Amino acid sequence: MDNLTRSASLTDYEHVARSVGLDPFRMLRMAKLPAKVLEDPNLMISADSVGWLLEESARLSGQEAFGLLLAETRSLANLGMLALVIREEPTLRAAMQSCARYMRLHNAGAQLKVDDAGSVVLLHVGVNVQHHGVWRQSIEQMTGVIVRLLGVLSGHSFRPVGISFMHEEPAQLDVHRRVLGTAIRFSQEHNAIACRARDLEMPILAADPTLNREVKRWMDTQLANLRDEPAQQARQIVRMLLPSGLCSVDRVAQHLGMHRRTLNRHLAAEGESVTTIVNAVRAELAEEYLANSKRRLYEVAELLGFSTAGDFSRWFRARFGKAPSDWAAHYRAGRTADRPIPRG
């Protein structure tokens with residue numbers, strides 16, 4: 001079953017699409033989305049379809065910053081109930097933690113993880129879609145939304161230290177600089193917004209703690225009805241452990257707080273195993289990494305938890321039917337644009 005997102009994720013799509021020469025309603029038909037998504041922000045629609053729509057809109061228009069153009073006009077109101085709980089948190093850090101916790105109630109195709117690294121906090125941005133590949137527009141859109149959110153909550157005084165993207169640098173950076181307003185690096189190991197820890201302690205002056213408690217109580221009730229299955233939880237752990245080279249059944253089970261036999265039993269009930277999950281996550285990440293021409297083969301191998309580039313190449317050929325270099329050349333030629341149209 002597809003992950004769902006509120007149709008608010010397509011706010012201003014019609015205007016942005018027309019501004020770059022696209023027919024928005026034709027694009028919606030191609031993505032198997034109803035035209036009413038542009039009128040009603042509270043429809044629950046396929047996050048995969050939205051992601052496909054953004055990628056195809058960027059490809060057909062030649063506007064590499066299409067996702068950021070959508071993010072540029074975002075306001076708190078576009079986030080619905082998520083905005084209410086965020087706005088009533090005492091600090092920017094608490095707001096980001098709540099955003100990460102409750103994001104799936106607004107958009108189950110988007111992921112945010114707050115990683116405290118001492119004096120710097122990394123806000124990791126990710127996507128959760130069924131078709132793996134390079135979802136550049138969704139990543140950039142969400143990054144732009146988070147940056148705008150931090151600006152609004154701080155009275156436009158907050159500035160991140162920098163922003164990193166896994167994908168390669170676009171030909172033009174004017175939209176990126178205008179929307180993100182900070183140092184941007186491409187071809188990096190993660191998609192993340194870097195913030196000074198002390199800056200995230202900035203208070204949200206208008207926050208109401210009583211209202212915050214009430215909204216959180218309601219949100220937690222909704223969240224309890226959307227509990228992750230063990231396979232989905234394991235996928236998140238595997239994605240985190242792969243670069244360390246320490247991804248094993250025991251490690252995954254330990255992070256999930258269960259015995260390996262219990263984990264194996266739960267995964268088997270879903271037709272999965274740690275091995276199938278590791279291979280699936282590796283496939284997703286391999287496509288992301290190889291789409292970047294600046295990343296060397298041995299670097300990709302290390303990030304995916306392989307001992308050598310040769311081990312990675314053999315695994316990749318068995319999985320994709322071609323060598324990593326051939327796959328990258330195929331992508332460069334533009335044939336990866338033939339991403340399957342999502343189901344209606």
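Modeller: Before we start, one cut-off: angles of 65 to 115 degrees between axes count as roughly perpendicular. And remember that this is a predicted model.

Biologist: Got it. So at what angle do α11 and α12 pack?

Modeller: Helix α11 (residues 249–256) and helix α12 (residues 260–269) meet at about 90°, and their axes are 9 Å apart. The two helices are therefore roughly perpendicular to each other.

Biologist: Which residues make the contact?

Modeller: From α11 you have Val249, Asp250, Val252, Ala253 and Leu256, and from α12 Arg260, Leu263 and Asn264. Sorted by type, the residues of this contact are five nonpolar, one polar and two charged.

Biologist: Nice. Switching to the sheet: what is the strand order?

Modeller: The order is β3-β4-β7-β5-β6, in an open sheet of five strands with mixed pairing. At the edges are β3 (110–117) and β6 (184–185), each pairing on one side only.

Biologist: And how many bridges join β5 to β6?

Modeller: Two, and these strands run parallel. Ile163 is opposite Ile184 of β6.

Biologist: Which strands does α6 touch?

Modeller: Helix α6 (residues 92–106) packs on the sheet against β3 and β4 (120–127), and its direction makes about 140° with that of β3.

Biologist: What about His156, where does that lie?

Modeller: In the loop between α7 (136–153) and β5. His156 also has a positive phi, near 65°.

Biologist: Is His156 buried or exposed?

Modeller: His156 is exposed, at 57% relative accessible area, while Asp12 is partly exposed at 33%.

How values were computed. Residues numbered from 1 in each chain as written. Predicted model: local features only at pLDDT ≥ 70, side-chain atom pairs only at ≥ 80, totals over all residues. Heavy atoms only, no water. Axes fitted to C-alpha atoms, helices over the stretch in contact; angles between N-to-C directions. Helix = DSSP H or I, 4+ residues; strand = E, 2+ residues; numbered from the N terminus. Parallel < 35°, antiparallel > 145°, perpendicular 65-115°, else oblique. Contact = heavy atoms within 4.5 Å. Nonpolar A, V, L, I, M, F, W, Y, C, P; charged D, E, K, R; others polar. Pairing = 2+ DSSP bridges. Buried < 20%, exposed > 50% of the residue type's maximum accessible area, 1.4 Å probe, protein only.
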